[in-house]
Amino acid sequence: MIVLLLKLSLAHLIGDFFLQPLKWVKDKEEKKLKSIWLYVHIAIHIALMFLMLWDTSYTLLILSIGISHFIIDALKLILQKKKNKRFYFFTDQLLHFTSIVGIAAVFSENNFDFIFTISNPLILLIFCLAFLTQPTSIIMKTIFSKWNIAKLTKNNESLKDAGQYIGVLERLLVFIFIIVGQWEAVGFLITAKSVFRFGDLTASKERKLTEYILIGTLISFGIAIITSLLYLNLINYV
C-alpha cells in the first residue's frame, strides 16, 4: 500500500518550511488575501503532493487538501496579530496535519488502517530527517520569539547562522544514535556540548543567556529524541 499519510505530510513539510521564503511570509502577513504569494504557496503544495503520489487517481484528494490548506492559511492571516503569532503558528500546523489525516482517511478505502500500514520505511526515514532540519529550527525560532534573543547575544560574536547549523547537526546525530541503539553516544554529545558551552556561560555571567542556551538545548534534544522514538515505534509496522 502506498504510504499515503507520510508522503502527504512530507509534501507539507517541504512546501511550508523549505519552499516558502521569509519574504513570502512577510508579504502574506502584510497583504493577507491580496498577496500573490499566498496562491503561489498553495500551488506549490498541490504540485508537491502530485509529485509525491504520482497518481492522478488521487486528484480529488490532493485538491481537497489544497483547498483546506488555503482556508487554514487564510484564517490564520486574518485572525493573527503580532502578540499571538506563536499561538497561530502552532495552531496552523496542527490544523494542517489534522486535515491531511482526516481527508486522507475519508478517501482511503481502509480509513485509518493506512496509518498503521507503513509499507516503505524509507519515506518514514526521509520525513523524520527532514522534520529535524528546517522545520524544527523554525519551530524553535517561533518559541523563542517571546524573548529578545538578539539583545542577549549582541556582545557574543559568532558565525552567521552557526547556531542553526549546530542545532540541525546535533538533532540529526541524536536521531542516528538512537535508531542504531547507541544511547550512550547521545549522553556523550550532551556532555560535549555542555563542556564547550560552560566556558561561554562563565565568561558572560549572564543568567538570561544561560537560561536561553539551556532551554534551547533541552528543546532541541527533546524534539530529536521524541522523533527518534516515534520512528522506532512506527517502523515496527513495516
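**An all-helical predicted model**

The chain folds into 11 helices and zero strands. From the N terminus on, the order of elements is α-α-α-α-α-α-α-α-α-α-α. The model is predicted. The chain has 238 residues, and 38% of them count as buried.

Two helix pairs were examined for packing. Two packed helices are described by the angle between their axes and the distance between the axes. An angle under 35 degrees would count as roughly parallel. The crossing of α1 past α4 is right-handed.

The second pair is α5 and α7. Here the axes come within 9 Å and cross at roughly 150°. Angles over 145 degrees count as roughly antiparallel. Helices α5 and α7 are therefore placed in that class. Their crossing is left-handed.

Residue contacts across the sequence were considered next. Helix α7 spans residues 134–144 and contains I143. The C-alpha atom of I143 is 6.8 Å from that of R86, although 57 residues separate the two in sequence. I143 has a relative accessible area of 25%, so it is partly exposed. A second pair spans 119 residues of sequence: L124 and L5, with their C-alpha atoms 10.0 Å apart. L124 belongs to helix α6, which covers residues 121–131. With a relative accessibility of 2%, L124 is buried.

A search of the whole structure finds two salt bridges. One joins D27 to K31, with 3.4 Å between the closest N and O atoms. Both residues sit in helix α2, residues 22–31. They are four residues apart, which means a separation of about one helical turn. D27 has a relative accessible area of 13% and is buried. K31 is partly exposed, at 43%.

The other salt bridge is formed by the side chains of K85 and E29, at 3.3 Å from N to O. This pair links distant parts of the chain. K85 lies in helix α5, residues 85–107, while E29 lies in helix α2, and 56 residues separate them. Both partners fall between the limits for buried and exposed, under 20% and over 50%. K85 has a relative accessibility of 34%, so it counts as partly exposed. E29, at 27%, is also partly exposed.

The surface carries a nonpolar patch. Its members are L33, I36, Y39, I67, I71, L75, I78 and L79. Together they present about 740 Å² of accessible area. Helices α3, residues 36–53, and α4, residues 59–79, each supply at least two residues of the patch. The largest share comes from α4, with five residues. Y39, one of the patch residues, lies in helix α3. Its relative accessible area is 40%, so Y39 is partly exposed. Patch membership requires over 30% relative accessible area, and Y39 has 40%.

K32 is not a glycine, yet its phi is positive, at about 55°. K32 lies in the loop between α2 and α3. With 31% relative accessible area, K32 is partly exposed. W54 has a positive phi of about 50° and is likewise not a glycine. The loop between α3 and α4 holds W54. At 70% relative accessible area, W54 is exposed, because the limit for that class is over 50%. The two residues lie in the loops on either side of α3: K32 between α2 and α3, and W54 between α3 and α4.

Conventions: Residues are numbered from 1 along each chain as its sequence is written. This is a predicted model: local features need pLDDT of at least 70, side-chain atom pairs count only at pLDDT 80 or more; totals for chains, interfaces and linings use all residues. Side-chain values use heavy atoms; hydrogens and water are left out. Patches are made of residues with over 30% relative accessible area and no salt bridge: like charges are joined within 9 Å, nonpolar side chains (Val, Leu, Ile, Met, Phe, Trp, Tyr) within 5 Å. Accessible areas come from the Shrake-Rupley method with a 1.4 Å probe; for residues, only the protein chains shown count as cover. A salt bridge is a side-chain nitrogen of Lys or Arg within 4 Å of a carboxyl oxygen of Asp or Glu. Buried means under 20% relative accessible area, exposed over 50%, partly exposed in between (1.4 Å probe, protein chains only). A crossing is left-handed if the near helix is turned anticlockwise from the far one by less than a right angle, and right-handed if clockwise. Axes are lines fitted to C-alpha atoms, for helices over the stretch in contact, and angles run from 0 to 180 degrees between N-to-C directions. Angles under 35 degrees count as roughly parallel, over 145 as roughly antiparallel, 65 to 115 as roughly perpendicular and the rest as oblique.
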